[in-house]
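Colleague: I am new to this structure. Could we walk through it in questions and answers?

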Amino acid sequence: MGKHVIVGAGQVGSQVATLLAGQGHEVVLVSRSGSGPGGVEKAAADASDSAALIRLARGADAIYNCVNPLYHRWMQDWPPIADSLLATAEATGAGYVILGNLYVYGPPGGPMRESDPLRPTSEKAGVRVRMWQDALAAHEAGRVRVTEVRGSDYFGPGCLDQSHLGERFVPRLLAGKPVRFAGDPAQPHSWTYVPDVARALVTAATDDRSWGRAWHVPTAPAMSAREVAERLCALAGVPDPGVKVMPHWLIRAAGTVSPMLGELEHVRYQFVSPFVIDSTDFRSTFGMAPTSVDEALAATLAWWRDRLATAA
């Protein structure tokens with residue numbers, strides 16, 4: 001068993017911490033608030049404070065970048081955080097596992113592979129590309145061991161306002177209300193189950209074959225938002241009220257008052273044409289398959305029903 005330091009206690013970091021603790025590892029979960037699930041050591045620290053992180057990560061086998069700055073603050077927040085985490089990995093000798101995303105590829109011409117060129121189409125996506133390129137350069141120079149694990153849009157227990165299949169999706173369907181979708185709900189889209197993200201990060205951190213390249217989280221076959229809604233309602237035993245298109249003009253107008261909605265313009269291409277991930281490499285190298293769609297949606301449904309019942 002080893003020591004693992006997870007920076008970021010959000011929807012992914014908390015699940016990584018719980019998974020590692022269940023395997024018997026020493027786990028330190030770092031966040032600004034020092035919050036997180038039970039059964040792990042929790043520490044309050046700023047992710048951009050490398051001195052604090054180095055103290056917490058001494059003797060660690062791996063450090064995980066699961067930080068999730070507000071999307072509209074990526075330009076300000078990511079550079080100092082990325083520099084701090086890379087410096088921490090270099091100073092401590094811990095393997096550095098980065099939770100990445102698919103923005104780095106830009107609009108795809110087919111299923112996305114890890115070997116695709118990095119062609120960001122916005123400044124925010126460019127920040128993520130530079131983070132990975134800086135970390136990979138440090139790896140190639142022999143200063144650190146690094147890998148990046150990339151998933152598509154997340155769903156599952158714990159996914160709320162930042163998930164397209166979160167609080168604007170499941171609760172409305174259960175209430176018999178149609179979903180308003182910011183894109184074309186008929187387009188095939190890859191949805192990555194958060195527990196699979198956690199499993200992939202832990203696998204990458206504990207297997208030396210992961211270092212020096214990026215990987216895609218094992219992800220189930222693509223489904224349109226309408227297909228997801230239909231299947232979820234069937235599992236829930238409720239009528240499907242449908243998924244309607246949210247007009248583009250309305251999204252743009254709402255974006256003038258909501259920073260989160262305003263940022264959707266940068267990733268609109270992901271929701272108006274096929275957006276599909278190929279996770280063959282991870283699956284064939286590490287023998288990890290994605291959770292089946294029905295199992296993942298059933299767990300998501302159960303979590304939401306419990307949350308809604310508690311709130312009532």
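Colleague: At what angle do helix 3 and helix 4 pack?

Modeller: Take one axis per helix, a line fitted to C-alpha atoms over the stretch in contact, with angles from 0 to 180 degrees between N-to-C directions. Helices here are DSSP runs of H or I with at least four residues, strands are E runs of at least two, and both are numbered from the N terminus. The axes of helix 3 and helix 4 lie 10 Å apart, and their angle is about 10 degrees.

Colleague: What kind of model is this?

Modeller: Residues are numbered from 1 along each chain as its sequence is written, and side-chain values use heavy atoms, without hydrogens and water. Local features need pLDDT of at least 70, side-chain atom pairs count only at pLDDT 80 or more, and totals for chains, interfaces and linings use all residues, since the model is predicted.

Colleague: Are helix 3 and helix 4 parallel or antiparallel to each other?

Modeller: Angles under 35 degrees count as roughly parallel, over 145 as roughly antiparallel, 65 to 115 as roughly perpendicular and the rest as oblique. Helix 3 and helix 4 pack at about 10 degrees. Therefore the two helices are roughly parallel.

Colleague: How many charged residues are in the contact of helix 3 with helix 4?

Modeller: Contact means heavy atoms within 4.5 Å. Helix 3 brings W74, M75, W78, A82, L86 and E90, and these meet E123, K124, V127, R128, M131, D134, A135 and A138 of helix 4. Ala, Val, Leu, Ile, Met, Phe, Trp, Tyr, Cys and Pro count as nonpolar, Asp, Glu, Lys and Arg as charged, the others as polar. The contact has nine nonpolar residues, no polar ones, and the charged residues number five.

Colleague: Which helix gives the most to the lining of the second largest pocket?

Modeller: The second largest pocket has a volume of about 150 Å³. Its lining includes A82, L86, V127, M131, D134 and A135. Helix 3 (74-92), strand 5 (95-101) and helix 4 (123-140) each supply at least two residues. With five residues, the most comes from helix 4.

Colleague: How many nonpolar residues are in that lining of the second largest pocket?

Modeller: P79, Y96 and I98 are among the lining residues, as are D83 and R130. The lining holds three charged residues and no polar ones, and its nonpolar residues number eight.

Colleague: How is helix 7 set relative to helix 11?

Modeller: Helix 7 (residues 225-236) and helix 11 (residues 293-311) have axes 10 Å apart, at an angle of about 65 degrees. That makes helix 7, relative to helix 11, roughly perpendicular.

Colleague: Which helix gives the largest share of the lining of the largest cavity?

Modeller: The largest cavity contains about 120 Å³ of space. Of its 17 lining residues, F155, W191, A220, M223 and V293 are closest to the centre. Strand 9 (191-193) and helix 11 each give two or more residues. The largest share, three residues, comes from helix 11.

Colleague: Are helix 1 and helix 6 parallel or oblique to each other?

Modeller: Helix 1 (residues 13-22) and helix 6 (residues 194-205) have axes that come within 9 Å and cross at roughly 60 degrees. Therefore helix 1 and helix 6 are oblique.

Key: 1 Å grid on protein atoms, 1.4 Å probe; cavity = no way out; pocket = protein on both sides within 12 Å on 5 of 7 lines; lining within 4 Å. Points joined across faces, edges and corners; volume = space filled by probe spheres on them.
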